[in-house]
Amino acid sequence: MLRTLPAPQDQQAQQAQQQWQSGPPVDTYVSPIPITKTNLGHALASEWTKIRSVRSTMWTLGVMLVLVLGIGTLVGVVAAASDVSSTGASAIGLGSFGVMLGMLCVVTLGVLTIASEYGTGMIRTTTTACPSRSRILAAKAIVFFVLVFVITTIATALVAALQTSMVDAVSATGEEWLRGTVGVGLFVATLGLLSLAVGALVRHSAGAITIMIGVVLLPLVLAMFMFSESMKDVQEFLLQYSIPSQLVALYGDSLASSGPTGWEPLWIMLGLAALALAGAFASTESRDV
């Protein structure tokens with residue numbers, strides 16, 4: 001039995017179909033841009049670009065500098081005119097008045113550093129560029145902390161120098177200078193980290209700022225209105241451990257008869273910020289953007 005051979009037209013059609021399916025040979029494309037594995041350094045560079053290019057950073061830190069330097073200088077002038085040297089205390093503690101108001105600006109910036117991205121939806125672009133959410137939060141925290149620490153330390157050092165030159169008071173010791181400049185800078189920057197962590201947990205700028213203002217001011221305000229003798233212990237506790245009282249204690253003064261002294265306020269603030277940041281990291285990994 002003879003087998004029918006395919007027609008030449010059928011052979012050509014089969015060859016054309018095979019060639020179409022396989023396609024023409026394509027050369028491998030090599031990108032001229034070097035491909036590198038991303039790391040924390042890239043995230044830090046990205047967050048530094050963002051935090052120095054947004055207006056909220058300029059306004060909040062600018063107002064903080066005006067408050068710290070302006071009020072600090074004004075208090076120094078008033079103290080010099082009223083002969084504060086009779087109190088026997090150094091003039092560095094006078095800087096707490098400006099820092100107490102200026103740290104509210106740091107609280108606001110700490111919240112906006114992360115909560116504003118959730119509000120505008122920019123966080124989706126950020127996580128697309130860097131899928132590691134923990135790396136994003138870590139980069140934001142590092143850049144924010146270093147920026148606030150440097151600016152606050154420089155501002156408090158300038159205020160301390162101005163006040164000691166204007167006020168005829170007792171010379172401050174080396175430890176008082178260290179706590180009144182570097183210690184206060186660390187304290188305010190750590191408070192900002194606490195605000196950033198709350199912003200990461202709440203993911204709403206107005207809500208997180210309201211919570212942080214309550215955390216900073218509400219305990220002291222409540223203590224001022226506790227006149228009952230039965231609430232005396234609660235009042236004393238709030239006076240001792242409210243954030244303004246701890247800031248004043250870092251300068252060497254006190255709003256209560258006892259409480260944290262020396263470097264203790266800084267360790268307390270570091271503990272609070274560490275707990276809040278741990279919760280923020282866990283929430284960032286478990287929740288969607």
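Two aromatic rings, from Phe, Tyr or Trp, pair if their centres lie within 6.5 Å, and planes under 30 degrees apart count as stacked. Keep that in mind for the first view of this predicted model.

View 1. A search of the whole structure finds two aromatic pairs.

**View 2. Helices H4 and H7 cross each other.** Two packed helices are described by the angle between their axes and the distance between the axes. Here, the axes of H4 (residues 96-120) and H7 (residues 174-202) come within 7 Å and cross at roughly 35 degrees. Is the crossing of H4 and H7 right-handed or left-handed? The crossing is right-handed.

**View 3. Side by side, residues of H4 meet residues of H7.** On the H4 side, look for Val 99, Met 103, Val 106 and Gly 110, among others. Their partners in H7 include Val 184, Val 188, Leu 191 and Gly 192. How do the residues of this contact divide into nonpolar, polar and charged? Twelve are nonpolar, five are polar and none is charged.

**View 4. Helix H4 has a kink centred on Thr 113.** The kink is about 40 degrees, and Thr 113 is also one of the H4 residues that meet H7. From its first C-alpha to its last, H4 reaches 36 Å with its 25 residues, close to the 36 Å expected. Just after H4 comes Gly 121, with a positive phi of about 85 degrees.

**View 5. Helix H7 has a kink centred on Gly 183.** This kink is about 35 degrees. H7 has 29 residues and reaches 41 Å from its first C-alpha to its last, close to the 42 Å expected. Just past the end of H7, Arg 203 takes a positive phi of about 60 degrees.

Technical notes: Residues are numbered from 1 along each chain as its sequence is written. This is a predicted model: local features need pLDDT of at least 70, side-chain atom pairs count only at pLDDT 80 or more; totals for chains, interfaces and linings use all residues. Side-chain values use heavy atoms; hydrogens and water are left out. Axes are lines fitted to C-alpha atoms, for helices over the stretch in contact, and angles run from 0 to 180 degrees between N-to-C directions. Helices (H or I, at least four residues) and strands (E, at least two) are DSSP runs, numbered from the N terminus. A crossing is left-handed if the near helix is turned anticlockwise from the far one by less than a right angle, and right-handed if clockwise. Contact means heavy atoms within 4.5 Å. Ala, Val, Leu, Ile, Met, Phe, Trp, Tyr, Cys and Pro count as nonpolar, Asp, Glu, Lys and Arg as charged, and the others, Gly among them, as polar. The expected span of a helix is 1.5 Å times one less than its number of residues. The bend at a residue is the angle between axes fitted to the seven residues ending there and the seven starting there. Rings of Phe, Tyr and Trp (its six-membered ring) pair if their centres lie within 6.5 Å; planes under 30 degrees apart count as stacked, over 60 as edge-to-face and the rest as tilted.
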